[in-house]
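Morning, everyone. Please look at the model as I talk.

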Amino acid sequence: MREKTFYVTTPIYYANARPHIGHAYSTIVADVLTRFHRQRGVDSFFLTGTDEHGVNIERAAEARGVEIRALVDEVVGQFKGAFDKLEVSYDRWIRTTDPQHEAAVQKLWRMLQERGFIYKGNYEGWFCGYCNEFKDVELKDTHPQCPIHERPLDRVSEESYFFKLSEFEKPLLEHYEKHPKFVQPDVRRNEVVSFVAGGLKDLSVSRVSVKWGIPVPGDPSHTIYVWMDALSNYITALGWGTEEHKDFDRYWPALHLVGKDILRFHAVYWPAFLMAAGVELPRQVYAHGMLLRGGQKMGKSLGNAIQLEVLHKHFTPDMIRYFLLREVVFGQDGEVTYEALIDRVNSDLADGLGNLASRTLTMIRNYCEGRAPLASVDDAVVRNGINEAKTRFDEEFSALNFSRALEAAWGGLARVDKFITDNQPWKLAKDPSARSRLEGVLATAFEGLRHLVLLVAPVIPDSARGVWAQMGLPGDPVQINPNSVAWGGPVEVAKIEQISPAFPKLDKGRIMDEINNEAPQSTPSAQSEAVVAPQAGQPKPAEQTGASVQAEPNVITIDDFVKVELRAATVLEAERVPKADKLLRLIVDLGEGKPRQILAGIAQHYAPEEVVGRKIIVVANLAPRKLRGLESNGMLLAASIGEDGRPVLATFMEEVPNGARLK
Ligand code: MSP
């Protein structure tokens with residue numbers, strides 16, 4: 001029988017844009033899980049990487065005017081750098097441009113073809129280049145948009161190879177039935193089951209219109225569908241399809257962690273491909289929820305993602321890791337705010353674990369000359385509390401209920417805290433006859449802390465190491481199995497020397513001010529050309545309203561405001577302006593019958609195709625002006641954020657007709 005191993009994967013990230021906290025989320029979870037299993041002696045493997053083929057990568061490179069390889073190499077560097085900074089330690093970084101991966105995907109293709117699951121046909125449909133899939137849209141819709149990206153779909157009609165997905169309807173349903181935990185959580189499982197039960201059509205698995213990808217073996221005018229290419233990474237990274245497949249033999253099947261938005265690919269297409277190839281199916285596909293901001297999925301499309309650079313400026317990696325695991329219930333969507341992060345750090349880390357460590361160690365230093373006493377005393381309450389916490393922690397963690405696992409650990413922590421408060425060692429220290437009791441109390445508190453630090457080490461490895469070292473304990477807590485450490489077991493302890501708070505309390509007001517001020521006030525020099533109202537020749541507010549405005553400098557009257565005609569519009573076309581690296585030339589529909597041209601200084605932050613199809617807000621009654629010889633008839637609204645004044649386009653959360661006035 002094969003030895004028990006643990007293999008976890010994250011989705012591979014599109015190598016076309018910088019990473020944000022949404023990408024960091026599943027990667028941190030995978031890291032924490034791997035550390036958890038490894039700490040318990042399980043032979044583990046953690047895979048992550050980048051998805052580097054397909055039309056959206058091609059387009060991003062084109063939009064930036066760089067070679068595709070240069071773009072993907074740059075983005076891979078950004079992702080690796082971001083994950084390193086978050087203490088993520090993966091075992092392999094797969095790139096779908098790795099020659100070994102490409103060869104193995106072609107091998108998979110040949111296997112499917114030889115087994116009769118691939119045939120040639122013709123496909124016509126509406127295709128989203130960002131999802132890389134054809135979309136089911138209503139026939140009457142002549143200009144359909146992608147429901148996810150809200151961008152126009154492309155009408156694509158081409159010769160295509162098809163995978164006989166329809167043949168897997170029954171086998172898939174049987175598999176879901178036989179393995180009720182194959183897709184989790186249950187709500188997602190039910191969605192998948194009803195999707196498959198609703199009927200599966202054969203899947204188009206090649207494109208002639210996409211060049212950047214893996215050629216179909218024997219027919220290089222076709223490129224293998226990017227999702228078939230990408231999904232295969234989970235086995236090719238272990239050497240499947242090559243001579244060197246011992247990692248595949250050792251670690252497969254995997255636990256796939258994926259966002260709920262890409263569940264269908266993992267829970268339907270991927271197992272069908274594997275069944276067709278005769279490969280064992282994954283152990284489980286677990287779909288997590290989305291990190292939200294203002295109730296909406298954080299991401300590139302909406303430009304509302306919390307940037308990792310900002311987080312790193314104010315928070316340590318352990319704070320970010322702890323917060324994401326504790327605050328967001330794994331499997332559900334979760335709103336993420338800086339305020340909640342600060343509150344969590346202060347209550348659980350600074351006032352909780354940090355305070356327990358510093359009060360325990362300070363008393364041992366002050367009352368016991370820095371040597372932790374070994375003999376504990378009537379400690380059943382604490383011992384049972386910690387043992388309970390350990391059992392629950394492991395149960396919840398194994399079920400991927402990270403938030404509840406941490407809650408359990410903090411339950412144990414509360415017992416130790418209460419024990420200290422009840423026994424008042426600071427009073428015992430004043431009474432020489434209570435010496436052995438004092439030592440017993442401190443030994444118990446120390447022992448409780450020792451077990452807790454081991455428990456939380458997979459989540460906050462850096463801080464766990466810091467506290468462990470301050471406790472004078474040998475070894476690395478990340479590598480010590482909490483379940484192999486008996487309560488009150490003999491411990492070698494060095495003298496406690498330096499005590500520094502593991503988690504300093506965060507000053508919420510100051511940090512929030514700093515974060516808010518990082519989005520600089522709009523100053524003409526900080527703003528980009530066309531996002532700014534024209535300065536020269538434009539009347540100043542006081543001139544506009546005559547002598548009536550005597551208010552403070554930044555205050556206007558309603559009369560001032562109504563002069564500004566703000567209207568909803570849709571971007572129909574966008575292109576870069578030659579020799580003006582900041583400018584995009586936009587053609588926008590303001591519901592006036594005739595589209596207008598607007599020049600916007602957003603080209604360094606938005607690619608033309610990112611804005612096409614977007615709903616924007618336009619200052620419609622601004623006097624026309626010329627930029628680079630082109631007339632601009634209006635100005636679009638954007639927030640200016642971060643140190644570089646990065647523009648983030650204003651938009652609506654609900655459907656709004658073009659021309660609707662904002663007031
Ligand atoms: N390349 C595909 C995956 C191929 S896997 C064989 C892809 N890439 S992605 O970069 O767009 O997304 C990668 C993962 O990041 C997805 O699981 C997605 O759910 C996740 N997230 C992106 N934004 C997110 C949030 N705001 N919140 C949580 N996760 C999010 O899809």
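One definition to start: contact means heavy atoms within 4.5 Å. Keep in mind that this is a predicted model.

Aspartate 219 sits in strand E12, which covers residues 219-224. Is aspartate 219 buried or exposed? Its relative accessibility is 13%. Buried means under 20%, so aspartate 219 counts as buried. What does aspartate 219 touch, if we skip neighbours within four places in sequence? The contacts are Lys120 and Tyr161.

Now the ligand. How many residues surround the ligand? There are 23. The closest are Ile12, Asp51, Asp261, Leu291 and Met298.

By class, twelve residues of the shell are nonpolar, eight are polar and three are charged.

Which elements each supply at least two shell residues? Strand E2 at 13-14, helix H1 at 21-39, helix H7 at 226-231 and helix H8 at 233-236. H7 gives the largest share, with three residues.

Next, polar atoms of the backbone. Start with isoleucine 12: a backbone N or O atom there lies 2.8 Å from a nitrogen atom of the ligand. At tyrosine 14, a polar backbone atom is 3.2 Å from an oxygen atom of the ligand. At glycine 259, a polar backbone atom is 2.9 Å from a ligand oxygen atom.

And how much of the ligand's accessible area does the protein cover? On its own, the ligand has 660 Å² of accessible area, and the protein covers 94% of that.

That's the tour. Over to you.

Note on methods:
Residues numbered from 1 in each chain as written. Predicted model: local features only at pLDDT ≥ 70, side-chain atom pairs only at ≥ 80, totals over all residues. Heavy atoms only, no water. Near = heavy atom within 4 Å. Polar contact = N/O pair within 3.5 Å; in protein donor to acceptor, adjacent residues only side chain to side chain. Areas by Shrake-Rupley, 256 points an atom, 1.4 Å probe, with all protein chains shown as cover. Helix = DSSP H or I, 4+ residues; strand = E, 2+ residues; numbered from the N terminus. Nonpolar A, V, L, I, M, F, W, Y, C, P; charged D, E, K, R; others polar. Buried < 20%, exposed > 50% of the residue type's maximum accessible area, 1.4 Å probe, protein only.
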